[in-house]
Amino acid sequence: MTRPRKELISVADTPYYHCVSRCVRRAFLCGKGKDYNFEHRRDWIVQRLKTLADIFTIDIAAYAVMSNHYHLVLRVNQCRADDLTDDEVIERWRKLFKGPLVVQRHLAKQVLAPEELILLSDIV
């Protein structure tokens, strides 16, 4: 049975994690073959990983991008994450997602009801 990430990750035990992602059905992520050339994707993947690592305050300790999978050794930068304000968290998150209505209203400087403030705090 699957478990939520918050039960899988324990920064108190170790801030380092080895992650692997692979293609299925004999698909290729990057590389060259007789009938294909996806080598242009390698740099795109590396740049995207660096962007996401910065948004989520994750340090990339090591990485390897192969033709049909990649490996990452990541370090959760807890100190940097703890130093972020609520607005900084929202700003980083919104680089990828639009966000719920309560977040959008907060950013538009609209007055929020007490229940909405609690919801906003839970989201952040």
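Mentor: Let's start with terms: helices are DSSP runs of H or I with at least four residues, strands are DSSP runs of E with at least two, and both are numbered from the N terminus. Lysine 109, for one, is in the loop between helix H5 (101-107) and helix H6 (114-123). Keep in mind that this is a predicted model, where local features need pLDDT of at least 70, side-chain atom pairs count only at pLDDT 80 or more, and totals for chains, interfaces and linings use all residues. Residues are numbered from 1 along each chain as its sequence is written, and side-chain values use heavy atoms, without hydrogens and water.

Trainee: Why does lysine 109 count as exposed?

Mentor: Exposed means over 50% relative accessible area, buried under 20%, and partly exposed in between (1.4 Å probe, protein chains only). Lysine 109 has 70% relative accessibility, so it counts as exposed.

Trainee: And what makes its phi worth a look?

Mentor: Most residues other than glycine have a negative phi. Lysine 109 isn't a glycine, yet its phi is positive, about 65 degrees. Threonine 57 is another non-glycine with a positive phi, near 50 degrees.

Trainee: Why is threonine 57 called buried?

Mentor: Its relative accessibility is 6%, so it counts as buried. Threonine 57 lies in the loop between H2 and E2.

Trainee: What makes phenylalanine 56 partly exposed?

Mentor: Phenylalanine 56 comes in at 41% relative accessibility, so partly exposed is its class. You'll find phenylalanine 56 in the loop between helix H2 (40-55) and E2. From phenylalanine 56 to glutamate 39 it's 17 residues in sequence and 27 Å in space, C-alpha to C-alpha.

Trainee: How do you know that E2 and E3 are joined?

Mentor: Two strands pair if DSSP finds at least two bridges between them. Strand E2 (residues 58-65) and strand E3 (residues 69-76) have seven, and they run antiparallel. Isoleucine 60 faces leucine 74 in E3, and a hairpin of three residues links E2 to E3.

Trainee: What's the order of elements along the protein chain?

Mentor: From the N terminus on, α-β-α-β-β-α-α-α-α, which comes to six helices and three strands.

Trainee: Why is the protein chain called more spread out than a compact globule?

Mentor: The globule rule is 2.2 Å times the number of residues to the power 0.38, and the radius of gyration is taken over C-alpha atoms. For 124 residues the rule gives 14 Å, but the protein chain has 19 Å, well over that, so it is more spread out than a compact globule. Its C-alpha trace spans about 60 × 35 × 30 Å along the principal axes.
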